[in-house]
Amino acid sequence: MQHILYLHGFLSSPKSIKAQATKAYFEQHHSNVTLHIPELSNFPSKVEDQLISLIENTPALLENGLKLIGSSMGGYLSTFLLEKFGGKAVLINPAVRPYELLQGFIGTHENPYSKEKFEIVESDMGVIQALEAASIKTPGNYKVLLQTEDDTLDYRLAAEKYAQSHLVIEEGGDHSFVGYENHLPAIAEFLLK
């Protein structure tokens, strides 16, 4: 049995379209894979402890190296975990400097999936920045999927940070990564080989 950890983005959920498409694909085509899709806390100050606890309490995740799929903020968190524990990751339109982007999100929000209300505060920026992987030790262990018309993140930041990784840059699209399900066979092959 192999284990893959899927990390959703900010204001997202395990119920998101990408998370559910990933779950359905692995259930149908890779019955030897257990896909873990935790509901990440909406509070940035809780996310690191949540992830470390999950890994410590699920040692199977580290067998043969951590295997991650991370979307947007989940891509940023996946990079943090991969640089800490080793393994392989597929990042979909990953956030590169979310502590800059989220400056514009200070205030009260409601997660559209869970309906949980929460607040982003100035001190959260330092918490998020502390999770930044300043350098990528093994760029070949990353596959990064980017679309140029991402309306939330500048894809060029990720193209630069992961320049030595397996980069797939598609013209057009958006932040959700249009046609994501078409990449699932290649994602599985990268993580499982």
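**Helices, pocket and cavities**

Guide: Helices α2 and α3 each supply at least two residues of the lining of the largest cavity. Helices (H or I, at least four residues) and strands (E, at least two) are DSSP runs, numbered from the N terminus. The model is predicted, so local features need pLDDT of at least 70 and side-chain atom pairs count only at pLDDT 80 or more, while totals for chains, interfaces and linings use all residues. Residues are numbered from 1 along each chain as its sequence is written, and side-chain values use heavy atoms, with hydrogens and water left out.

Visitor: How is empty space found, and what separates a cavity from a pocket?

Guide: Rolling a probe the size of a water molecule over the atoms shows where empty space is left. On a 1 Å grid over the protein atoms alone, a cavity is a set of points where a 1.4 Å probe fits but cannot get out; a pocket is an open set with protein on both sides within 12 Å along at least five of seven lines; lining residues have an atom within 4 Å of a point. Grid points are joined across faces, edges and corners, and a volume is the space filled by probe spheres set on the points.

Visitor: How many cavities of 30 Å³ or more are there?

Guide: There are three by this rule. The largest cavity has a volume of about 200 Å³, and 18 residues line it, with F10, S41, V47, M73 and L77 the closest to its centre. Helix α3 gives the most to this lining, three residues. By class the lining has 12 nonpolar, six polar and no charged residues (nonpolar: Ala, Val, Leu, Ile, Met, Phe, Trp, Tyr, Cys and Pro; charged: Asp, Glu, Lys and Arg; polar: the others, Gly among them).

Visitor: Which residues are closest to the centre of the largest pocket?

Guide: The largest pocket holds about 460 Å³ of space. Of its 28 lining residues, F10, S12, K18, S72 and H175 are the closest to the centre. The elements that give two or more residues to this lining are α1 (17–29) and α4 (98–101). The lining of the largest pocket divides into 16 nonpolar, 10 polar and two charged residues.

Visitor: Which residues of α1 are buried?

Guide: An α-helix has 3.6 residues a turn, so residues three or four places apart point the same way. Buried means under 20% relative accessible area, exposed over 50%, partly exposed in between (1.4 Å probe, protein chains only). In α1 the buried residues are K18, A19, T22, Y25 and F26. They lie on the same side of α1 because they cover an arc of only 130° around the axis, the arc being that of the directions from the helix axis to the C-beta atoms. I17, E27 and Q28, on the other side, are exposed.

Visitor: What do the buried residues of α2 pack against?

Guide: In α2 (residues 44–57), P44, V47, L51, I52 and I55 are buried. Their arc is only 115° around the axis, which puts them on the same side of α2. They pack against β1, β3, α3 (73–85), β6 (117–120) and α5 (123–129), where contact means heavy atoms within 4.5 Å. On the other side of α2, D49, E56 and N57 are exposed.

Visitor: Where is H183 found?

Guide: H183 is in the loop between β8 (166–170) and α7. H183 counts as buried because its relative accessibility is 14%.

Note on methods: The expected span of a helix is 1.5 Å times one less than its number of residues.
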